[in-house]
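Good morning, and thank you for the time on today's agenda. Please look at the display.

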Amino acid sequence: MHKRTKIKIAIFVLMVGMACMFTAVVTDHWAVLSPRVDKVNETCEAAHFGLWRLCKKHIYMSSENYVEGHGCGPITLPGDENCTYFRHFTPGQDAEIFEYKTQKEYNISAAAISIFSLAFMILGSICLMGSCTGKGKGREYLLKPAGMFFAFAGLCSFISLEVMRQSVKRMIESEDTIWIEYYYAWSFACACTGFVLLFLTGIALLILSMPQMPRNPWETCMDAEPEQVE
C-alpha cells in the first residue's frame with residue numbers, strides 16, 4: 001500500500017476518534033447509578049452523570065419492570081429528569097448532590113484532563129491542516145507533531161477514563177451510599193473508543209512520518225532516499 005494511502009486512512013481513523021471523544025466529553029452517560037427498590041408501583045430515582053452534569057430521573061416501577069433484588073431502572077424507562085451541573089471550579093461549594101457526596105476532586109481531575117485531551121486534538125488537527133496545505137519537506141515534517149499530539153490526546157483520554165472509574169468505584173463503596181447497582185454507559189464507551197483510536201493511530205502517524213528504513217544493510221537512514229508524501 002502506498003504511503004499516501006496509509007496516511008489518508010490514518011487521518012480518517014483520527015477523525016472518527018476525535019468525534020467519539022468529543023461526544024463523550026459533552027454527554028452525560030458515563031455511568032448509571034441505581035438505588036434499591038423494595039416496592040412495586042412506586043417511583044424511584046436513578047441517576048446518570050458525565051464530566052459536567054449529574055441527572056436524576058424519576059422512574060415509575062411497575063410490576064412488569066420490577067425484578068426482585070435489582071435496582072431502579074433501567075434508565076431508558078420514561079420519567080421526569082432533572083439535571084444539575086457540577087460546580088467544578090467554585091471554591092468552598094458543598095459537594096452533596098442527590099443524597100450522596102459526590103467525589104468532587106475526582107470529577108475536577110477527569111474534567112480538566114479531558115480539556116487537555118481536546119486541546120491536544122485541536123493542536124494535532126492544526127498540524128494536519130498545515131501538512132495538507134504545505135509542500136515538500138514541511139508537509140512531511142508537520143505529520144510528526146500531529147502524530148505526537150494525537151497520541152497525547154489518547155493518553156489524556158485514558159487517564160480521564162481511569163479517574164472517572166475510580167470516582168464511581170468510590171461512590172459505590174462508600175458506607176453512606178444509596179446506590180446498589182452501577183454500570184458504565186455509552187458515553188464511557190465513546191471515550192474508550194476515542195482513546196484507542198487516537199493513541200494507536202497517533203503512534204501510527206508518527207511512524208509513517210519517519211524516514212524510510214534503508215533497503216540495504218550498508219545504508220543508514222540518512223543515506224536512504226526519502227519517500228515523498230504527495
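Two strands pair if DSSP finds at least two bridges between them. Helices (H or I, at least four residues) and strands (E, at least two) are DSSP runs, numbered from the N terminus. In the hairpin of strand 1 and strand 2, six residues lie between the strands, and N41 takes a positive phi near 60°.

A word on the source. This is a predicted model, in which local features need pLDDT of at least 70 and side-chain atom pairs count only at pLDDT 80 or more, while totals for chains, interfaces and linings use all residues. Residues are numbered from 1 along each chain as its sequence is written, and side-chain values use heavy atoms, with hydrogens and water left out.

What does strand 1 pair with, and over how many bridges? With strand 2, the antiparallel pairing runs over three bridges, and A31 stands opposite F49 there. With strand 7, the antiparallel pairing has five bridges, and S34 has E181 as its bridge partner.

Is strand 1 buried or exposed? Five of its five residues are buried, meaning under 20% relative accessible area, where exposed is over 50% and partly exposed is in between, with a 1.4 Å probe and protein chains only. On one side these are A31, L33 and P35, and on the other V32 and S34.

Let us turn to the interior. A nonpolar core is a set of buried Ala, Val, Leu, Ile, Met, Phe, Trp, Tyr and Cys residues joined through side-chain atoms within 4.5 Å. The largest such core has 38 residues, and W30, L33, F49, L51, L128, L198 and L205 have the most contacts inside it. Among the elements that each supply at least two of its residues are helix 1 (3-26), strand 1 (31-35) and helix 5 (186-208). Helix 4 gives the most, with 11 residues. A second, separate core of 10 residues includes V32, I59, L77 and A185.

As for L128, leaving aside neighbours within four places in sequence, its contacts (heavy atoms within 4.5 Å) are I11, L14, L143, A146, F150 and L205.

Thank you for your attention.
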